[in-house]
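Open the model in your viewer and keep the selection tool ready. Each stop below says what to select and what is there.

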Amino acid sequence: MKRKNAVYAQSGGVTSVINATACGVIQTARKYSKMIGNVYGAKDGIVGILREELIDTGKESEDNIRALKHTPGGAFGSCRFKIGSEDTSDPIARRLFDVFEAHNIGHVFYNGGGDSQDTCKKITALSLKFDYPIQCIGIPKTVDNDLAQTDTCPGFGSVAKYVAVSTREAALDVQSMSETSTKVFILEVMGRHAGWIAAAGGLAGKGPGDPPHIILFPEIPFDRELFLRKVDLTVNSLGYCVIVASEGARYENGEFLSDAGTKDAFGHVQLGGVGATLSKLIAEELGYKYHFAIADYLQRSARHIASQTDLDQAFAVGEAAVIAAIEGQSGVMVTIRRITDEPYRWTTRTTSIDKVANQERKVPRSYISKNGFGITARARRYLEPLIQGEAYPPYVEGLPSYVQLACKLVEKRLPKYATP
């Protein structure tokens, strides 16, 4: 029987280690070349499949594929695009399977977060309806760390490390200038509904009075008066106040502090500006001089300070996805299972995609301090292993050296398609 080819796609916001997962997929598939044919990289995620823009990874050298492990961004491009239906009459569904058939694709490795796993779920369902065998394996990736069924999500550990380090370093700066200058510093981090990244800021300090002094979680409703009292008390007792605020911080009624008034391709409210909102509140009500910073893309692209644990896990889930396909699995997502905290030990498993798609894992209340402004010892036990180890990229002339793939497209076999 002719070997089936595979397509690997990156979806959603990229991370500093998502390309390590690509490396894991491609290198492992090459080891099992008698069972898996060519591996195509979808240009710009599932949009590339629809447009029949498939990158032939077989044209990439071993050195370049290996260099993906230390290169941030998305080597094949990513997208935010939703498959709206599992109906075979849907033109998007039909087009996907036309491309699969035209290029003898029998394995789909979809690397992304919750919405991406929904795509994997739909492809699996459509495979049965079209009676075209596809092994669709979801691969976890999200800096938000909010996927269900997995202990952690590749990409998060490195962001957690970046935020913890940035919080500690910025706090030293603010503390040194607080007598005559800035009293309050706010670091705005990602996290729409789950405050895992904000929680990681809590790793910056351990003792009483150590920064961050306030963490704002989406899981804890924002109380304006309580917040202002805490800021004022901290400045009066310590001379300065450091705050880590999740972009998803919201009021009791569910309204985001930073609702930008627009929505993304998945219908999610666009967020941004919680740092500015809080700064204005502090200035108007307390009169303190402030500074705020938005970590934004910097937190998820900072490969120069990636966690070795995160890198190892990112590669491992790519490797495990190929093994799962070879074993005949489909409609599953690779997961990370924690075995022990001390010493930190973990392994990979798979779980049904139905248990992951469209689910969100939030920070447990037991991880958040009683006053709602900090993390507990339990949270620290969970978070600390994920930021361990330094995985520095190679440097050339003082700057990190990153790879740019050739990205040669395979010849198209179908009529041109206009993505909706």
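Predicted model: local features only at pLDDT ≥ 70, side-chain atom pairs only at ≥ 80, totals over all residues.

**First stop: a strand pair**

Residues are numbered from 1 along each chain as its sequence is written, and side-chain values use heavy atoms, with hydrogens and water left out.

Strands here are DSSP runs of E with at least two residues, helices are runs of H or I with at least four, and both are numbered from the N terminus. Two strands pair if DSSP finds at least two bridges between them.

**The sheet of 4 strands**

The open sheet has the order β7-β8-β6-β11, with parallel pairing. Its edge strands, each pairing on one side only, are β7 (214-216) and β11 (290-294). From one strand to the next, the twist averages 15°. Angles run from 0 to 180 degrees between N-to-C directions, and axes are lines fitted to C-alpha atoms, for helices over the stretch in contact.

Which helices lie across these strands? Select residues 156-177: this is helix α6, which lies across β6 (184-189) and β8 and runs at about 165° to β6. Then select residues 224-238. Helix α8 lies across β6, β7 and β8, at about 150° to β8. Contact means heavy atoms within 4.5 Å.

**The sheet of 7 strands**

Move to the other open sheet. Its order is β3-β2-β1-β4-β5-β12-β13, and the pairing is mixed. At the edges are β3 (54-56) and β13 (345-352), each pairing on one side only. Neighbouring strands are turned by 30° against each other on average, direction ignored.

Two helices to show on this sheet are α1 and α5. α1 touches β1, β2, β4 and β5 (135-140), and its direction makes about 175° with that of β1. Helix α5 (residues 114-130) touches β4, β5 and β12 (332-340), at about 170° to β5.

Select strand β1 (residues 4-10). Of its 7 residues, 6 are buried, meaning under 20% relative accessible area with a 1.4 Å probe, protein chains only. β1 pairs with strand β2 (residues 36-42) in the parallel sense over 4 bridges. Pick Y8 and find its bridge partner in β2, G41. The β-α-β crossover from β1 through α1 to β2 is right-handed: with the strands pointing away from the viewer, the path from the first strand over the helix to the second runs clockwise.

Strand β4 (residues 105-112) also runs parallel to β1, joined by 6 bridges. Here, N5 has I105 as its bridge partner.

**Two helices crossing**

Select helix α1 (residues 18-31) and helix α11 (residues 308-326). Their axes come within 7 Å and cross at roughly 35°. Residues in this contact include A20, C23 and V25 of α1, and L311, F315 and I323 of α11.

**Last stop: P393**

Buried or exposed: which is P393? P393 is buried, with a relative accessible area of 4%. Find it in the loop between α12 (377-383) and β14 (395-396). Not counting residues up to four places away in sequence, P393 touches H70, R303, H304, P400 and Y402. Finish by picking K69: P393 and K69 are 324 residues apart in sequence and 8.7 Å apart in space, C-alpha to C-alpha.

Conventions
Buried < 20%, exposed > 50% of the residue type's maximum accessible area, 1.4 Å probe, protein only.
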